[in-house]
Amino acid sequence: MTAPTATERLQLTVISAGTSDPSSTRLLADRIDSRAAALEALRGDTVTVSVIELRELAADIASALTTQLITPKLKQAITVLSQADGIVACTPVYQAGPSGLFTSFFQVLDNDLLIGRPVVLAATAGTARHALVADDQMRPLFAFLRTMAAPTSVFAAPEDWSDPALAKRVDRAALELVLLMESGFARAIRDESWQRYQHEYGSAGGAETAIDLDTDLMRLATGGSAG
């Protein structure tokens, strides 16, 4: 499948794990998505931005982790995420790592949901000592989910908000995200190479069902007999 054309509206989803309102985490995410939208407008395309505030889903995420049940509210957020051409994932840093709310959300997602999706990794913290959290701890998580994490991650401590270097990092990350979204890589993977991935039954939001059920193992699993 070809990359999105200039007349196509791209979908950008922001995931913010900030717990306060207003939140520095949401502020950083908004800087990135606003810059990406502005860059895309200069290139002749439009971007629709959707925001998933994880603090509003905390109880739903906890329920999914403990009962495996997905509430309608959480399902709606996952549906929005599944339709994204690009993602900005931003978390506060607690105890030298991404917040538990942030990591828990991605732990309840289907492992196949985000294959090939472009993602900008971003984090905020109260001290610059945590500047490597995005690359050291967030990047492996998104590698496991098989996303296309942008080369530039964005981190902001209190002293960074007035530093022109933050704007430069935001601009660089936003451009990388725009180029990755325009490439249509995730769509091409789904259209041309989806069967080359090893999927779980019913994965990718229920889309992956091309599994041979007529095997000895599957017959035993469903109460039948082998052979």
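## Basis of the model

In this predicted model, local features need pLDDT of at least 70 and side-chain atom pairs count only at pLDDT 80 or more, while totals for chains, interfaces and linings use all residues. Residues are numbered from 1 along each chain as its sequence is written, and side-chain values use heavy atoms, with hydrogens and water left out.

## Overall make-up

The protein has 9 helices and 7 strands. Helices (H or I, at least four residues) and strands (E, at least two) are DSSP runs, numbered from the N terminus.

Of the 227 residues in the protein, 44% are buried. Buried means under 20% relative accessible area, exposed means over 50%, and partly exposed lies in between (1.4 Å probe, protein chains only). Among contacts between residues at least 6 apart in sequence, 77% join residues at least 24 apart; a contact means heavy atoms within 4.5 Å.

## Helices H1 and H6

Helix H1 covers residues 24-42 and helix H6 covers residues 164-183; their axes come within 8 Å and cross at roughly 55 degrees. Axes are lines fitted to C-alpha atoms, for helices over the stretch in contact, and angles run from 0 to 180 degrees between N-to-C directions. H1 and H6 are therefore oblique to each other. Angles under 35 degrees count as roughly parallel, over 145 as roughly antiparallel, 65 to 115 as roughly perpendicular and the rest as oblique. The crossing of H1 and H6 is right-handed. A crossing is right-handed if the near helix is turned clockwise from the far one by less than a right angle, and left-handed if anticlockwise.

On the H1 side, the residues in contact are Leu-28, Arg-31, Ile-32, Arg-35, Ala-36, Leu-39 and Glu-40. Those they meet in H6 include Val-170, Asp-171, Ala-174 and Val-178. The residues of this contact divide into 11 nonpolar, no polar and 5 charged. Here Ala, Val, Leu, Ile, Met, Phe, Trp, Tyr, Cys and Pro count as nonpolar, Asp, Glu, Lys and Arg as charged, and the others, Gly among them, as polar.

## Helices H2 and H4

The axes of helix H2 (residues 58-67) and helix H4 (residues 100-107) come within 10 Å and cross at roughly 50 degrees. That makes H2 oblique to H4. The crossing of H2 and H4 is left-handed.

Ala-58, Ile-61 and Leu-65 in H2 meet Leu-101, Ser-104, Phe-105 and Gln-107 in H4. This contact of H2 with H4 has 5 nonpolar, 2 polar and no charged residues.

## Salt bridges

Side chains of opposite charge can pair when their charged atoms come close. The whole structure holds 9 salt bridges, a salt bridge being a side-chain nitrogen of Lys or Arg within 4 Å of a carboxyl oxygen of Asp or Glu. One of them joins Asp-171 to Arg-35, at 2.5 Å from N to O. This pair links distant parts of the chain, with Asp-171 in helix H6 and Arg-35 in helix H1, 136 residues apart. Asp-171 is partly exposed at 29% relative accessibility, and Arg-35 is partly exposed at 30%.

Arg-187 and Asp-85 also form a salt bridge, at 2.6 Å from N to O. Arg-187 lies in helix H7 (residues 185-192) and Asp-85 in the loop between helix H3 (72-82) and strand S3 (86-94), so the pair ties together parts 102 residues apart in sequence. Arg-187 is partly exposed at 21% relative accessibility, whereas Asp-85 is buried at 11%. In helix H5 (residues 133-144), Asp-135 and Arg-139 are 4 residues apart, which means about one helical turn between them; the closest N and O atoms of their salt bridge are 2.8 Å apart. A network of salt bridges links Asp-21, Arg-26, Asp-30, Glu-53 and Arg-55.

## Backbone details

The peptide bond from Asp-21 to Pro-22 is cis, with omega near 10 degrees. Pro-22 sits in the loop between strand S1 (9-16) and H1.

Ala-96 is not a glycine, yet has a positive phi of about 65 degrees. Ala-96 lies in the loop between S3 and strand S4 (97-98) and is partly exposed at 39% relative accessibility. Arg-146, in the loop between H5 and strand S6 (148-149), also has a positive phi, near 60 degrees. The relative accessible area of Arg-146 is 27%, so Arg-146 counts as partly exposed.
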